[in-house]
Amino acid sequence: MDDPIAIKRCKAGDKDAFRYLVERYQIEAMGHALAILADREDALDAVQEAFLDAYQALGKFDMSRQFYPWFYTILRNRCFKLLVRRRKNVGLSLDDALILAPVSEASGEDRLALEHALLELSPAERELLTLKHLDGLSYDELAERLQIPRGTVMSRLFYARKRLREKLL
Amino acid sequence: MALADGEMSPLDREEIDNHLRNCDRCRAEIEQLRAMNRLLSSQKRLRPEANLWRQVSERLEVTAGTPSFSWRLLLLFGIPLFGYKALLLSLQAAPSLWSKLVPIILVITVFSYLKTNPFKINCELTVRGELSS
């Protein structure tokens, strides 16, 4: 099965087809939610809610689009709503990786410093920087994903990097 | 910044390269930025184990079990109105007190059902990427 077939089946009420979408994108979605929320429990909640929202909204899904960028908009709305509702402080723990995957021993120290610096940024800054550098999205792709103009992407990236550099120093 | 990201137009790039040749401060700034970009781009995003289907499917079942909005509307307004009309008919005589009380009871019922937001106005603050931690 591929995404368009799964989506068509979902529109017809086939829940097994939706299972395919959940299982295909849940890990990616969790990674993105963690980068925004920096909290595993919240990320789990947000991703679940986002999948439920997506299921309800699939009837209006434009088949010319790709599923995940569309779903990402739903997911980030859920994440930012959760942040507003909970307003809880994120416990920063260096032992517990939330954003960056351990790549190699040699880069362990750099990774920890970067992880800590990222966690000190705002959720929106973390989201932008991780989408740019970890997912490798271009300015245009970021503009589409975040639904902001390209110029705004550039200026936000500038300030996010500036803040990250301050945190790393 | 677009220069450090490699998303500069050729014309802009030429102008900036000319400037960078003569400006130590900007050159150092660009170098710092590139080093940070390299550090960030050498990392990989964490891919946490997740198995959400069970929870999602359970929630889907619950959602499917609740009546649709049109049915809720019918139940919400149809039954009380039907009851009101039936009451009027049963009283037959001029129901002066009832005709005043029933609409009030009806409104209270509707408002309490919808829990202080009777017209479903979305009063939740929507943040579009400007939250500080």
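In the predicted model described here, A:Gln147 lies in the loop that connects helix 7 and helix 8 of chain A. The backbone of A:Gln147 has a phi near 55°, a positive value in a residue other than glycine. Most residues other than glycine have a negative phi. A:Gln147 has 11 C-beta neighbours inside 10 Å and therefore counts as exposed, the limit for that class being 12 or fewer.

Helix 7 (residues 139–146) of chain A meets helix 8 (residues 150–168) of chain A at an angle of about 100°, and their axes are 8 Å apart. Because angles from 65 to 115 degrees fall in that class, helix 7 of chain A is roughly perpendicular to helix 8 of chain A. On the side of helix 7 of chain A, the contact is formed by A:Tyr139, A:Asp140, A:Leu142, A:Ala143 and A:Leu146, which meet A:Arg150, A:Val153 and A:Met154 in helix 8 of chain A. By class, the residues of this contact between helix 7 and helix 8 of chain A comprise 6 nonpolar and 2 charged, with no polar residues.

Helix 8 of chain A also packs against helix 6 of chain A, again at an angle of about 100°, here with the axes 9 Å apart. Helix 6 of chain A and helix 8 of chain A are therefore roughly perpendicular to each other. In this contact A:Glu125, A:Leu128, A:Leu129 and A:Lys132 of helix 6 of chain A meet A:Arg156, A:Leu157, A:Ala160, A:Arg163 and A:Leu164 of helix 8 of chain A. The contact of helix 6 with helix 8 of chain A contains 5 nonpolar and 4 charged residues, and no polar ones. Within chain A, confidence is highest in helix 6 (residues 123–133), at a mean pLDDT of 94, and lowest in strand 1 of chain A, at 85.

A:Ala38 belongs to the loop between helix 2 (15–37) and helix 3 (40–57) of chain A. With 24 C-beta neighbours inside 10 Å, A:Ala38 counts as buried, since 20 or more are required for that class. The C-alpha atom of A:Ala38 is separated by 7.0 Å from that of A:Leu119, although these residues are 81 residues apart along the chain.

A:Cys79, in helix 4 (residues 67–86) of chain A, is also buried, with 26 other C-beta atoms within 10 Å. When residues up to four places away in sequence are not counted, A:Cys79 touches A:Ala33, A:Ile36, A:Leu37 and A:Ala46.

Taken as a whole, chain A contains 8 helices and 1 strand, which follow one another along the sequence in the pattern α-α-α-α-β-α-α-α-α. Of the 169 residues of chain A, 40% count as buried. Among the contacts in chain A with a separation of 6 or more, 60% are accounted for by residues 24 or more positions apart. The mean pLDDT of chain A is 88, and 92% of the residues score at least 70.

Chain B has 6 helices and 1 strand, in the sequence pattern α-α-α-β-α-α-α. Of its 133 residues, 4% count as buried.

The contact between the two chains takes 46 residues from chain A and 34 residues from chain B. On the side of chain B that touches chain A, the elements giving two or more residues are helix 3 (24–41), strand 1 (44–45) and helix 4 (53–65) of chain B. This side of chain B is made up of 16 nonpolar, 11 polar and 7 charged residues. Strand 1 of chain B pairs with strand 1 (residues 100–101) of chain A in the antiparallel sense, over 2 bridges. In this pairing B:Lys44, in strand 1 of chain B, is the bridge partner of A:Ala101.

Key: Residues are numbered from 1 along each chain as its sequence is written. Chains are lettered from A and ligands numbered from 1 in the order in which they are written. This is a predicted model: local features need pLDDT of at least 70, side-chain atom pairs count only at pLDDT 80 or more; totals for chains, interfaces and linings use all residues. Two residues are in contact if their C-beta atoms, placed from the backbone, lie within 7 Å. Helices (H or I, at least four residues) and strands (E, at least two) are DSSP runs, numbered from the N terminus. Ala, Val, Leu, Ile, Met, Phe, Trp, Tyr, Cys and Pro count as nonpolar, Asp, Glu, Lys and Arg as charged, and the others, Gly among them, as polar. Two strands pair if DSSP finds at least two bridges between them. pLDDT is the predictor's confidence in each residue, from 0 to 100. Axes are lines fitted to C-alpha atoms, for helices over the stretch in contact, and angles run from 0 to 180 degrees between N-to-C directions. Angles under 35 degrees count as roughly parallel, over 145 as roughly antiparallel, 65 to 115 as roughly perpendicular and the rest as oblique.
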